[in-house]
Amino acid sequence: MKIKRFDCSLVTRLVLFGLMLIGISAVLRYHILIGFLEKEQAQVAADQQSIIASYLAQDIGYRVQERVRYLERLALHLPADRLEDGHAMQAWLREHQELQPLFAQGMFVAAANGQILVDYPTLNGRRALSLADYPDFKRVLQGATVICPPLLSPATGRPIMAVLTPVRDAHGRVVGILGGSTELTAAGFLDHLQRAQLGPTGSFLLISPEQRMIVASSDEALVYTRLPATGQDLLMDQALQGFRGNGVGLAANGVNEIKAFAPVPGTSWLVAATLPLAAALPTVERTRALIARGGLIQAAMVVLLVVLAYLWFFRPLRRAAALADRMTRGELPLSPLPVDRRDEVGQLTMAFNGLLARLKLHQAELQHQAHHDVLTGLPNRMMLAERMQAALTHACRERNGVGLLFLDLDGFKPINDTLGHKAGDQVLQEITRRLRQVARHGDTLARVGGDEFVLLVTDLRLPFEQGAQALAEKCIKTVSEPICLDQRQYRLGVSVGIAVCDGSCDADSLLQAADQAMYAAKANGRGCYVIAPARPACANTALSAPAETAGTTRPADSAHS
């Protein structure tokens with residue numbers, strides 16, 4: 001293509017437009033984007049901390065409630081009449097502690113006055129304690145399960161959590177207390193919090209607001225330490241007063257930190273995730289330098305790219321137009337055009353391919369509708385005839401047998417007349433599903449009438465009637481199973497006419513013989529099958545004799561034997 005005037009060239013316009021965009025974007029990056037990026041990154045980091053804090057809070061809540069529910073279940077089965085029997089109680093505690101050691105420091109039983117009677121395992125100083133000194137002791141006597149505030153274990157000197165739940169006698173009266181205690185950093189409880197890391201300088205805190213105490217932390221030095229005094233960390237003060245969420249605030253050490261707070265379900269505790277603001281924005285400075293370098297590189301590359309794009313941009317369009325023109329003239333078969341790129345030209349090509357695909361799909365649907373039943377999706381008479389002809393030809397060549405089972409439902413018309421055509425359609429679809437399960441791979445199940453089906457069976461071995469008979473019994477059995485409609489069960493039956501041959505007969509005679517055998521089965525009481533005389537010779541063959549002489553008759557009971 002020749003370009004007569006430089007100012008009218010598409011290349012010139014694209015280059016100028018690209019340079020203008022680069023200049024504008026450079027200004028926006030330096031004066032707007034960096035500030036926006038800092039704010040967004042801080043918010044993203046805060047949201048991430050909120051998610052992590054919420055996850056940890058849910059996990060800690062689950063671990064706490066797991067122990068609470070376990071202790072409550074044990075209290076229901078604790079023999080309250082044997083509280084004074086120390087040996088029996090210790091054996092009972094040992095059995096359940098060893099079975100499921102959720103409480104690392106074990107469990108204990110106390111009397112209603114708060115005096116600990118027995119514990120397992122036995123810890124020095126635990127039996128000397130009185131639960132009556134706990135602030136929530138009265139709540140336990142009133143029937144509530146209490147999670148005690150964290151305290152230092154008199155036995156180990158490490159922070160522990162205790163759970164107390166009432167023990168009732170047969171009359172529902174509180175006669176004792178079952179308790180369990182575990183170290184906060186015990187394996188399987190809060191030890192995972194110490195292993196959690198939030199960057200090189202971030203930390204996680206599990207806080208008891210009532211005590212202004214750090215219960216657990218990823219920084220072991222902070223475990224069971226007091227929070228800063230009121231006023232030193234304003235965001236932390238807000239969290240202790242009920243604030244939940246995230247924000248940026250000045251910490252007690254004078255560093256701006258991103259903090260996120262999440263409540264622990266089932267407790268008064270909260271999880272705090274802290275991260276210095278500088279650690280959350282490491283990419284801002286690198287982004288600033290990258291923007292500056294990128295602007296210069298883009299300005300140099302845009303001219304080259306626009307020129308190259310101009311040279312090959314229209315090639316796919318010309319190629320697609322040429323192929324479409326040849327397909328229109330019939331020189332090429334209808335096929336999707338190649339899509340080189342996902343630009344406007346590619347969209348146009350894909351739109352053409354979509355129209356072509358819809359055309360082929362429409363043709364396929366018409367072809368399918370011409371050979372299949374609309375309601376059940378089964379082959380219709382036309383396709384059955386084609387399959388029968390192919391099966392007979394194959395039988396002649398392979399020297400095996402072909403069987404045809406003509407099935408007519410018994411009791412379908414009353415359901416269709418009483419419940420309506422919609423229910424009738426549901427019945428036909430259910431029967432189709434069942435018969436498909438009976439049909440073998442390679443057999444053809446077709447619907448040839450309102451409630452009439454035909455099963456074309458191929459590759460039968462001598463004696464041919466035996467294989468067809470087995471399939472007929474399966475069909476009778478599966479159809480006779482109850483069908484649920486409108487919360488009621490209905491039963492149907494099926495009369496089956498069977499015709500077999502070795503491939504020397506024609507399709508019409510085989511179908512007519514099976515049809516007549518089906519009517520003989522109807523006459524014999526329905527719910528059975530009749531085998532037509534072997535090798536029907538022509539389409540005019542009729543069953544002139546009664547069913548007993550025309551072929552073999554089997555009642556429906558044979559299908560269940």
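**Exercise 1: how H10 and H14 cross**

Work out which hand the crossing of H10 and H14 has, and describe how the two helices are oriented in this predicted model.

*Solution.* 
Step 1. Start with the hand: H10 and H14 cross in a right-handed way.
Step 2. Now get the geometry. H10 covers residues 381-398 and H14 covers residues 507-523; their axes come within 10 Å and cross at roughly 115°.
Step 3. Angles of 65 to 115 degrees count as roughly perpendicular, so H10 is roughly perpendicular to H14.
Step 4. Look at who is touching whom. On the H10 side you'll find Arg381, Met388, Gln389 and Leu392, and they meet Ala507, Leu510 and Leu511 of H14.
Step 5. Sort these contact residues by type: five are nonpolar, one is polar and one is charged.

**Exercise 2: H11 against H12**

Find the angle at which H11 and H12 pack, and list the residues that make the contact.

*Solution.* 
Step 1. Locate the helices: H11 is residues 412-419 and H12 is residues 421-438.
Step 2. Read off the packing. The angle is about 145°, and the axes are 6 Å apart.
Step 3. List the contact. H11 brings Phe412, Ile415, Asn416 and Leu419, while H12 brings His421, Ala423, Gly424, Val427 and Leu428.
Step 4. Sort them again: six nonpolar, three polar and no charged residues.

**Exercise 3: the largest nonpolar core**

Say how many residues the largest nonpolar core has, and which element gives the largest share.

*Solution.* 
Step 1. Count: this core has 37 residues, and Leu78, Leu178, Leu206 and Val271 have the most contacts inside it.
Step 2. See where the residues come from. Elements giving two or more include helices H1 (10-77) and H2 (86-99), plus strands such as E7 (203-208) and E12 (270-276).
Step 3. Pick the top contributor: H1, with ten residues.
Step 4. Zoom in on Val271. Leaving out residues up to four places away in sequence, its contacts include Ala53, Leu56, Ala57, Ile60, Leu205 and Leu206.
Step 5. A second, separate one has 35 residues, among them Ala468, Tyr490, Leu492 and Val500.
Step 6. Here's the general idea: in soluble globular proteins, nonpolar side chains tend to be buried together.

**Exercise 4: Tyr134**

Decide whether Tyr134 counts as buried or exposed.

*Solution.* 
Step 1. Check the number. Buried means under 20% relative accessible area, and Tyr134 has 19%, so Tyr134 counts as buried.
Step 2. Find its partners. Beyond its neighbours within four places in sequence, Tyr134 is in contact with Cys148 and Leu151.

Conventions: Residues are numbered from 1 along each chain as its sequence is written. This is a predicted model: local features need pLDDT of at least 70, side-chain atom pairs count only at pLDDT 80 or more; totals for chains, interfaces and linings use all residues. Side-chain values use heavy atoms; hydrogens and water are left out. Axes are lines fitted to C-alpha atoms, for helices over the stretch in contact, and angles run from 0 to 180 degrees between N-to-C directions. Helices (H or I, at least four residues) and strands (E, at least two) are DSSP runs, numbered from the N terminus. Angles under 35 degrees count as roughly parallel, over 145 as roughly antiparallel, 65 to 115 as roughly perpendicular and the rest as oblique. A crossing is left-handed if the near helix is turned anticlockwise from the far one by less than a right angle, and right-handed if clockwise. Contact means heavy atoms within 4.5 Å. Ala, Val, Leu, Ile, Met, Phe, Trp, Tyr, Cys and Pro count as nonpolar, Asp, Glu, Lys and Arg as charged, and the others, Gly among them, as polar. A nonpolar core is a set of buried Ala, Val, Leu, Ile, Met, Phe, Trp, Tyr and Cys residues joined through side-chain atoms within 4.5 Å. Buried means under 20% relative accessible area, exposed over 50%, partly exposed in between (1.4 Å probe, protein chains only).
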